[in-house]
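Thanks for making time, everyone. I will walk through one protein model today. Please look at the sequence and the structure first.

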Amino acid sequence: MGLLDSIKQTASVASQKVSESTNKLKASISEVKLEDITANLNLYEKYFSESELWQKVGNFGKSLGATVLYPVFLLFNLLKSGDINLKEKAMIIGTLGYFILPLDLLPDAIAGMGFADDVAALTATVTALASCITEDIQKEAKEQLRKIFGEFDEKALDSVTKIIQGANKYINK
């Protein structure tokens, strides 16, 4: 067997192993249930601190994008507002603690997938507390996004905004 054949064979084996590992990772991700994340948010409360939150936003904010950070800022501003009960505060603190923690269900270091579980937890909590999120809280979150991204396309936030509007229509009937 010549050198070229040996290189081809090694590359083929390596490619197959990468493919197998990727398929195993995809399978484990597909087994993640939103209920598993949200049911245990109270376990993550101890990881929340305002300084850790801002450090995480500073380290990953630009790469995460406005769509991921918007729910973070919505929840943080809702927490600061004080217009929520103790259970709702605990839910927010648990969710933000989960977001801060780098080694959670899907470690943040996994490129392209590491924040998927964080997004699921953030979305679930925003959905649960949507009726508490006022226009002022939304405006403040958008201002925080502008500080990081400058001007950005607010249409990227439409999915979160629709959740809030839907909850508010339901509550205000």
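What share of the contacts in the protein with a separation of 6 or more is accounted for by residues 24 or more positions apart? The value is 73%. A contact here means heavy atoms within 4.5 Å.

Some ground rules. This is a predicted model, where local features need pLDDT of at least 70, side-chain atom pairs count only at pLDDT 80 or more, and totals for chains, interfaces and linings use all residues. Residues are numbered from 1 along each chain as its sequence is written, and side-chain values use heavy atoms, with hydrogens and water left out.

Now the fold. The protein has eight helices and zero strands. In order from the N terminus, that reads α-α-α-α-α-α-α-α. Helices are DSSP runs of H or I with at least four residues, strands are runs of E with at least two, and both are numbered from the N terminus.

Next, the surface. The accessible surface is about 10,300 Å², and carbon and sulfur atoms hold 56% of that. Areas come from the Shrake-Rupley method with a 1.4 Å probe, and for residues only the protein chains shown count as cover. Of the 173 residues, 36% are buried. Buried means under 20% relative accessible area, exposed means over 50%, and partly exposed is in between.

On to the core. A nonpolar core is a set of buried Ala, Val, Leu, Ile, Met, Phe, Trp, Tyr and Cys residues joined through side-chain atoms within 4.5 Å. The largest one has 33 residues. Leu 53, Leu 74, Leu 78, Ile 92, Leu 96 and Leu 145 touch the most other members. Two or more residues each come from helix 3 (50-64), helix 4 (66-81), helix 5 (86-100), helix 6 (116-128), helix 7 (135-149) and helix 8 (158-171). Which helix gives the largest share of this core? That is helix 4, with eleven residues.

Take Leu 74. Setting aside neighbours within four places in sequence, Leu 74 contacts Ile 133, Ile 137, Gln 138, Ala 141, Val 160 and Ile 164.

Now the rings. Phe, Tyr and Trp rings (six-membered ring for Trp) pair if their centres lie within 6.5 Å; planes under 30 degrees apart are stacked, over 60 edge-to-face, the rest tilted. The whole structure holds two aromatic pairs. One of them joins Trp 54 and Phe 76, edge-to-face, at 5.2 Å centre to centre with 80° between the planes. Trp 54 sits in helix 3 and Phe 76 in helix 4, so this pair ties together parts 22 residues apart in sequence. Trp 54 is partly exposed at 32% relative accessibility, while Phe 76 is buried at 3%. Ring pairs link Trp 54, Phe 73 and Phe 76 into a cluster.

Last, the charges. A salt bridge is a side-chain nitrogen of Lys or Arg within 4 Å of a carboxyl oxygen of Asp or Glu. The count is five. Glu 154 bridges to Lys 142, with the closest N and O atoms 3.2 Å apart. Glu 154 lies in the loop between helix 7 and helix 8 and Lys 142 in helix 7, so the pair ties together parts twelve residues apart in sequence. Is Lys 142 buried or exposed? Lys 142 is buried, at 16% relative accessibility. Glu 154 is partly exposed, at 31%. Glu 154 also bridges to Arg 146, at 2.4 Å between the closest N and O atoms. Arg 146 meets Glu 151 as well, at 3.6 Å, N to O. Lys 142, Glu 143, Arg 146, Glu 151 and Glu 154 are linked in a salt-bridge network.

How values were computed:
Buried < 20%, exposed > 50% of the residue type's maximum accessible area, 1.4 Å probe, protein only.
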